[in-house]
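Please examine the sequence and the model before reading on.

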Amino acid sequence: LKLYFIITTFQEDHSAMYRLLAIDLDGTLLTQHNSVTLRTQDVLQRAVAMGLRIVVATGRVPYMFRSLVESLPLNAPQIISNGAMIVDIRDNSVLQELFIPTESLLPLLDALHSLDLLCCYYTRDHLYVDAELARLHQSRSNHPRRTNPAVSVTNDLTELHMQPCRKGAAYGEVGTLHEKHQKLASLFNKQIYITQTDHKCLEFLHPAVSKANALKTILHTYGIGAEEVIAFGDNPNDIEMLRLAGMGIAMANAHKEVKSVADYITLSNM
């Protein structure tokens, strides 16, 4: 993540304008090796010393998030699961937790199956994975799956539709995913929030959920205006957050839709 310009370009003339950094995780803050560089850690420490709040906004679930950001000076609530959760990891307090409406779950799972999308189903503390997706993941990975939260493989995710679902995820072919996204968005308009989190994955959440909405909640907590925020991102699920911020910054490796709404395009983290 090329954050250095925050300290250099903005420090003398603009630091008073900004009070919070909202930063996406994968493809933005993290390297390809799921780590944060020492230089980035140093720049974030300097940003905190300048009085800025640091908010990481990610689609990752809580157990993954904590292990990835433990070296960072996080001094505000954090946005997890694309905004389905707002958690202050300093004292483990949960400010927000939203689940997909129960009545929408079975129609959603049926629609995903009809579109040949392979799915995951996240409850509060359990991950259920479609058997075919689990086989595909195992064939492509040399690393064992982590066991926290508990993971179960199932042949029929529809049997789970009465269990609270914090988010669902569906994986498909890159070439057809956009079209399938549009079909699902039309089918579940205002019933479910649907967003693309990388080139082959869609996520499904409560209709009030988004990174931008979660960020609004945090800004209200601190009395910070949207114009006082710098936001960074690379995927379509970051677009609303970049639009909300006083300065929205896209990575050079970002999707073209993200670049089109950004005020500034920085270097790639690849």
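Against which elements do the buried residues of α7 pack? The model examined here is predicted. In this model, the buried residues of α7 pack against α5 (102-114), β10 (193-198) and β11 (201-205).

**The helix α7**

Helix α7 spans residues 174-187 and contains 14 residues. From its first C-alpha to its last, α7 reaches 21 Å, which is close to the 20 Å expected at 1.5 Å a residue. Four of its residues, L177, K180, H181 and L184, are buried. They lie on the same side of α7 because they cover an arc of only 115 degrees around the axis. On the other side of α7, by contrast, G175 and S186 are exposed.

**The cysteines**

A disulfide is a covalent bond between the sulfur atoms of two cysteines. In this model the count comes to 0 disulfides. The cut-off is that the two sulfur atoms lie within 2.5 Å. The cysteine sulfur closest to that of C120 belongs to C119 and is 7.7 Å away, so the two are too far apart for a bond. C201 is likewise in no disulfide, and its nearest cysteine sulfur is that of C120, at 7.7 Å.

| Residue | Relative accessible area | Class |
|---|---|---|
| C120 | 9% | buried |
| C201 | 2% | buried |

Both C120 and C201 are therefore classed as buried, since the cut-off for that class is under 20% relative accessible area.

How values were computed
Residues numbered from 1 in each chain as written. Predicted model: local features only at pLDDT ≥ 70, side-chain atom pairs only at ≥ 80, totals over all residues. Heavy atoms only, no water. Helix = DSSP H or I, 4+ residues; strand = E, 2+ residues; numbered from the N terminus. Expected span 1.5 Å × (residues − 1). Buried < 20%, exposed > 50% of the residue type's maximum accessible area, 1.4 Å probe, protein only. Arc of directions from axis to C-beta. Contact = heavy atoms within 4.5 Å.
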